[in-house]
Amino acid sequence: MYQLVIIMFTALGVTDDAIQVERLNGQPLAFETHEQCIKHLWENLDELKAFGRAQFGGVPVKSISCHKIKEIREMRGDGV
């Protein structure tokens with residue numbers, strides 16, 4: 001399963017610079033394949049950018065990408 005991760009342009013030294021997009025309209029948001037995730041990303045690019053900016057006080061988006069949920073947990077230090 002894959003989820004979207006939005007990385008923001010934040011000041012140097014800021015460690016909280018990303019958000020995992022876990023829900024859409026109150027429903028879990030995850031994709032079976034990387035291709036499905038990328039398709040959703042491109043079809044909803046403006047909305048994803050707006051969501052990221054809203055979560056970080058207007059800071060610009062650096063990148064949006066799709067990652068395996070397991071990889072996201074490992075990056076966050078949540079384990080498997």
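In these legends, helices (H or I, at least four residues) and strands (E, at least two) are DSSP runs, numbered from the N terminus. By this naming, Gln20 is found in strand E2. The model shown is predicted.

**The whole chain holds three helices and five strands.**
From the N terminus on, the order of the elements is β-β-β-β-α-α-β-α. The C-alpha atoms fill a box of roughly 35 × 30 × 20 Å, taken along the principal axes. A compact globule of 80 residues would have a radius of gyration near 12 Å, and the chain agrees with this because its own value is 12 Å. Buried residues make up 28% of the 80 residues. Among contacts between residues at least 6 apart in sequence, 68% join residues at least 24 apart.

**Confidence is highest in helix H1 and lowest in helix H3.**
The mean pLDDT of the protein chain is 90. Of its residues, 95% reach 70 or more. Helix H1 has a mean of 97, whereas helix H3, residues 69-76, has a mean of 79.

**The largest nonpolar core has 15 residues.**
Leu4, Ile6, Leu48 and Ile64 touch the most other members of this core. Two or more core residues come from each of strand E1 (2-8), strand E2 (18-21), helix H1 and strand E5 (61-68). Strand E1 gives the largest share, four residues.

**Leu4 is a buried residue of strand E1.**
The relative accessible area of Leu4 is 0%, so Leu4 counts as buried, for which the value must be under 20%. With neighbours within four places in sequence left aside, the contacts of Leu4 include Ile19, Gln20 and Val21. Leu29, Phe31, Cys37, His40 and Leu41 are also among its contacts. Further along the chain, Leu48, Ile64, Ser65 and Cys66 are in contact with Leu4 too. Leu4 and Cys37 are 33 residues apart along the chain, and their C-alpha atoms are separated by 7.1 Å.

**The side chains of Gln3 and Gln20 are joined by a polar contact.**
This polar contact is 2.2 Å. Gln3 is found in strand E1, and Gln20 in strand E2. Is each of these residues buried or exposed? Gln3 is buried, with a relative accessible area of 7%. Gln20 is buried as well, with a relative accessible area of 13%. Beyond its neighbours within four places in sequence, Gln3 is in contact with several residues, including Gln20, Val21, Glu22, Leu29 and Ala30. Cys37, Ser65, Cys66, His67, Ile69 and Ile72 are also among the contacts of Gln3. Gln27 lies 24 residues from Gln3 along the chain, and the C-alpha atoms of Gln3 and Gln27 are separated by 13 Å.

**Cys37 and Cys66 form a disulfide.**
How many disulfides does a search of the whole structure find? The search finds one. The sulfur atoms of Cys37 and Cys66 are 2.2 Å apart. Because Cys37 lies in helix H1 and Cys66 in strand E5, the pair ties together parts that are 29 residues apart in sequence. The link is left-handed, with -95° about the S-S bond. Both Cys37 and Cys66 are buried.

**His40 is a buried residue of helix H1.**
Helix H1 spans residues 34-43. Why does His40 count as buried? Its relative accessibility is 15%, and buried means under 20%, so His40 falls in that class. With neighbours within four places in sequence left aside, His40 is in contact with Leu4, Leu24, Leu29 and Phe31.

**Asn25 has a positive phi although it is not a glycine.**
Most residues other than glycine have a negative phi. The phi of Asn25 is about 55°. Where is Asn25 placed? Asn25 is in the loop between strand E3 (23-24) and strand E4 (27-28). Asn25 counts as exposed because its relative accessibility is 74%, and exposed means over 50%.

Conventions: Residues numbered from 1 in each chain as written. Heavy atoms only, no water. Buried < 20%, exposed > 50% of the residue type's maximum accessible area, 1.4 Å probe, protein only. Contact = heavy atoms within 4.5 Å. Core = buried A, V, L, I, M, F, W, Y, C linked by side-chain atoms within 4.5 Å. Polar contact = N/O pair within 3.5 Å; in protein donor to acceptor, adjacent residues only side chain to side chain. Disulfide = S-S within 2.5 Å. pLDDT = per-residue confidence, 0-100. Rg over C-alpha atoms; globule rule 2.2 N^0.38 Å.
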